[in-house]
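User: I would like to go through this structure term by term and ask what each label rests on. Please set every value against its cut-off before you conclude.

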2 protein chains.
Amino acid sequence: MAVALARLPEVRPGDDLARLIVGAWETSFTEDADLRPRAGDVLVVTQKVVSKAEGRVVDLRTVEPRPEAIAFAERWDRDARQVEVVLREAAQVIRMDRGVIVCRTHHGFVCANAGVDASNVEPETVTLLPLDPDATAHRLRDEIGETLGVAAAVVISDSFGRPWRFGIMDVALGVAGISPLDDQRGLPDAQGRVMRSTIVAVADEIASAAELASGKTSGQPVVLVRGVPLGSGEGSVVREVVMPASMDLFP
Amino acid sequence: MAVALARLPEVRPGDDLARLIVGAWETSFTEDADLRPRAGDVLVVTQKVVSKAEGRVVDLRTVEPRPEAIAFAERWDRDARQVEVVLREAAQVIRMDRGVIVCRTHHGFVCANAGVDASNVEPETVTLLPLDPDATAHRLRDEIGETLGVAAAVVISDSFGRPWRFGIMDVALGVAGISPLDDQRGLPDAQGRVMRSTIVAVADEIASAAELASGKTSGQPVVLVRGVPLGSGEGSVVREVVMPASMDLFP
């Protein structure tokens, strides 16, 4: 089950996001008692509201683009200041071609524009990825749990493009209270054979299921997901899901 | 909502898969009337049962590996006959390193082992991807619709790894009755700004949501998904989701 919680007010830097999420959840379960917090609940929170609350917002009017950014922006019809912010956020530029900048971020995520995003924010501003999304997830989990008495797992989600396929899918940037990978190696398959290499990116699938329930334009950035495996409840996206560069076949 | 339908019997080459799915659905809605077919329903069917029913199965005992397959298998502790089948299925080998063979298939999918898979099949056999998964989806949709009176959309799913992140996520190989991409370009975001590049891979997200509801070892290869956008109901994964090699930044 995946259900978008009630709308949040516009989130601003310094806002208490946990309190806003508690408010949205209370609004939702006041209308529908089935949505009251339960053990095993997962809250999927989109990166955008996390970045806003944490002040990970850049005013483009303060940005002086470097010549490389200006040249790329002119060639591909982009905003040079935004390109500049992308280059600042990139630990490594993996590809920079056809208007697309694929970067490795300081967290190790490989994604378009280093996660810098201009949608659903004030004009002339962009958001950056949260500095430590796993830590954000833990903080939200603790604070929401203290208020509501049930510590829901938390997944911070973002929309990533993929090589070789059009379209974006939501994946997890950070987690708390859930193992991001469901390691089924060693379990028997339906034929009783040992499955050799099945590690399911369960937090990423949860992020995608939540995106379906929410949609991009709805202003409902928090989705309640139920009935999914939490594993040991331990784990980190950055430490467990992000592939070390040494194993990367597509540097 | 995503609910796995009742188990299917073991599927064998030549089986009437539509009939088996109808049987599973009937079993499920006999127990729970909420699961009766409705307009807007999507059935997600895993590749494995499609490949079996369509006879896309290879007996490894009949396979003579080429020297390249033997060398790779010895170096990385793999089955040389299986490596041979992968190389036969590959239209292009993109990377062949560290025990991993990333291929472009004849459909254009870029995935590990060209989709050749040994899990959940008889010993000494592997499955190949369906020849035309969009066509399979259309055939299933038509046949199930004729029997039950409601033409559910169909998504054929498979588990793909990704570069840069550990873990597999389910994506769509073929669709019928649903647009695989939800093109939100030109729609206003929550701030009323036009979103520039949001095309959501909705069929892939549906496949992932279904995987969560099913799991790999359960023998429940068909999942009913409700409440997701079908778009125009037209479209093809191979024609619309697969990125042409000319736009590929990671050849």
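Predicted model: local features only at pLDDT ≥ 70, side-chain atom pairs only at ≥ 80, totals over all residues.

User: Where does B:Asp77 lie, and why is B:Asp77 called exposed?

Analyst: B:Asp77 sits in the loop between α3 (67–76) and α4 (80–89) of chain B, and its phi, near 55°, is again positive in a residue other than glycine. With a 1.4 Å probe and protein chains only, buried means under 20% relative accessible area, exposed over 50%, and partly exposed in between. The relative accessible area of B:Asp77 is 58%, so B:Asp77 is exposed. B:Arg98, in the loop between β4 (90–97) and β5 (100–105) of chain B, has a positive phi near 50°, but at 37% relative accessibility B:Arg98 is therefore partly exposed.

User: How do you know that the buried residues of α3(A) line one face of the helix?

Analyst: The buried residues of α3 (residues 67–76) of chain A are A:Ala69, A:Phe72 and A:Ala73. Viewed down the axis of α3(A), these fall within an arc of 100°, so they line one face; the arc is taken from the directions that run from the helix axis to the C-beta atoms. The face turned away carries the exposed residues A:Pro67, A:Glu74 and A:Arg75. Among the elements that cover the buried residues of α3(A) are α4 (80–89), β4 and β5 of chain A.

User: What makes A:His107 buried, and which side chain does A:His107 join in a polar contact?

Analyst: A:His107 has a relative accessible area of 15%, so A:His107 counts as buried, and its place is in the loop between β5 and β6 (110–112) of chain A. Its side chain joins that of A:Thr105 in a polar contact of 2.8 Å and reaches the backbone oxygen of A:Leu131 at 3.4 Å. A polar contact is a pair of N or O atoms within 3.5 Å; within protein, one must be able to donate a hydrogen and the other to accept it, and residues adjacent in sequence count only if both atoms are side-chain atoms.

User: Why is the pair A:Glu10 and A:Lys52 called a salt bridge?

Analyst: The closest N and O atoms of A:Glu10 and A:Lys52 are 3.0 Å apart, and a salt bridge requires a side-chain nitrogen of Lys or Arg within 4 Å of a carboxyl oxygen of Asp or Glu, so the pair qualifies. The pair links distant parts of the chain, 42 residues apart, with A:Glu10 in the loop between β1 (2–4) and α1 (17–31) and A:Lys52 in helix α2 (residues 47–53) of chain A. A:Glu10 is partly exposed at 30% relative accessibility, whereas A:Lys52 is buried at 8%.

User: What makes the salt bridge of A:Asp204 and B:Arg162 a link between two chains?

Analyst: The side chains of A:Asp204 and B:Arg162 meet at 2.7 Å, N to O. A:Asp204 lies in helix α6 of chain A and B:Arg162 in strand β8 (residues 153–162) of chain B, so the pair joins two chains. Both of these residues are buried. A:Arg165 and B:Asp204 also form a salt bridge, at 2.8 Å, and the rule finds four salt bridges across the interface of chain A and chain B.

User: How many residues of each chain are in contact, and what area do the two chains bury?

Analyst: Taking contact as heavy atoms within 4.5 Å, 68 residues of chain A touch 69 residues of chain B. Together the chains bury about 5,900 Å², 60% of it on carbon and sulfur atoms, where buried area is the accessible area (1.4 Å probe) that two parts lose on being put together, summed over both. A:Trp164, A:Arg165 and A:Phe166 supply 16% of the area that chain A buries against chain B, more than any other three residues.

Technical notes
Residues numbered from 1 in each chain as written. Chains lettered and ligands numbered in written order. Heavy atoms only, no water. Helix = DSSP H or I, 4+ residues; strand = E, 2+ residues; numbered from the N terminus.
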